Amino acid sequence: MPLPFSVQFLPVENISALDADENILAAIRYASIASKENTKKPLFSVGLPNLALSNVVEVWYSDEPVQTSSMNGLQLAYNDDILFGHLLLDETNYEDIDLASKDAYRLVLETIHSLGYPYILRIWNYFSSINEDQQGLERYKKFCLGRQQTLDQFGSFAYSPPAATAIGTSCGGLQVYFIAAKEPGIQLENPRQTSAFLYPPQYGSASPAFSRATVKKWQDTTHLYISGTASIVGHETRHIGQVLKQLEETLENIEALVQHGAETQDLPIHHLTDLSYLKVYLRDLFMLSITEELLIRRYGRHLPMVLFLHGDVCRADLLVEIEAAYILNDDM
Ligand code: 3EB
């Protein structure tokens, strides 16, 4: 059966060599510094150290040969179903993170509209010092302001925001990458959590524009893209200072979201253990071993593929965040 794309985690030495493979949409390495290859195709490093599998590269495959392009400073690859885009903005060109984020989203939205893939299904946002103040306001909140300003201008995704991740790095650059499609996905919210776009103003005057997950029904398969999920119930952080309790609450949130998707959207999966992979973002290095232990104790051999990445969660009181996806591979 033809798949729109699939994702695999493979040991790869030199990602620039993947440029020649027509069936590769994108490849992502996790490293201490954000960078991109000198290619049209999105081949790049996210500025988050990979704590357990430093050699592993996330490779996005297309059944059909892809086309590549560069436009507005983005690296782009696309097939009939999806467009994969990557932008790495030099923040030193901007006075403030809100201006950088406003510009990044303008470049992204202009590009996807002009190429005919106007619906973002899933987007990732990475930038430095996410919990630090800049001119009197936390950089994460400023990032949200800039993002919202562009969204208001384009009038898009006010009612159907994509699934998203926003994590702090320790290197420079505002890095945004995404998948976009010709037809929208279905927004999924979590019954245990206030929708992020309805958060009260104490978390920032512009509420974060993302959905808890996107369900995408392709011709022959259904995908689920789960946003960065943390120890938040309602809109409040739970278990401040306790990483394992936060981890358990986060896992409950993901279980509830998958269950809700199974009930309301007829997903082919019912549990966290049915997901294709998890990415666990940890604020501090010492959390790696206790997090791994808890996951193995709880799920044993049913634990999906897990990547552990070192990054700052966008609320200063959150220690861990997990994103996930259900994307069936060809050979599964
Ligand atoms: C939360 O649930 C945690 O601003 O794009 C998670 C995923 C979070 C995406 C974003 C923020 C974003 O509110 C924070």
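## Largest cavity

A cavity is here a set of grid points where a 1.4 Å probe fits but cannot get out. In this predicted model, a search of the whole structure finds one cavity of 30 Å³ or more. The volume of the largest cavity is about 40 Å³.

## Lining of the cavity

The largest cavity is lined by Trp60, Arg122, Trp124, Tyr225, Tyr277, Glu323, Ala324, Ala325 and Ile327. Seven of the lining residues are nonpolar and two are charged, while none is polar. The charged class takes in Arg and Glu, and the lining includes Arg122 and Glu323.

At least two residues of this lining come from each of strand E9 (119-128) and strand E22 (320-326). E22 gives the most, with three residues.

## Largest pocket

Two or more lining residues come from each of helix H2 (139-154), strand E12 (163-169) and strand E16 (222-229).

## Residue classes in the pocket

By class, eleven residues of the pocket lining are nonpolar, six are polar and six are charged. The lining of the largest cavity, by comparison, has no polar residues.

Key: Residues are numbered from 1 along each chain as its sequence is written. This is a predicted model: local features need pLDDT of at least 70, side-chain atom pairs count only at pLDDT 80 or more; totals for chains, interfaces and linings use all residues. Side-chain values use heavy atoms; hydrogens and water are left out. Helices (H or I, at least four residues) and strands (E, at least two) are DSSP runs, numbered from the N terminus. On a 1 Å grid over the protein atoms alone, a cavity is a set of points where a 1.4 Å probe fits but cannot get out, and a pocket is an open set with protein on both sides within 12 Å along at least five of seven lines; lining residues have an atom within 4 Å of a point. Grid points are joined across faces, edges and corners, and a volume is the space filled by probe spheres set on the points.
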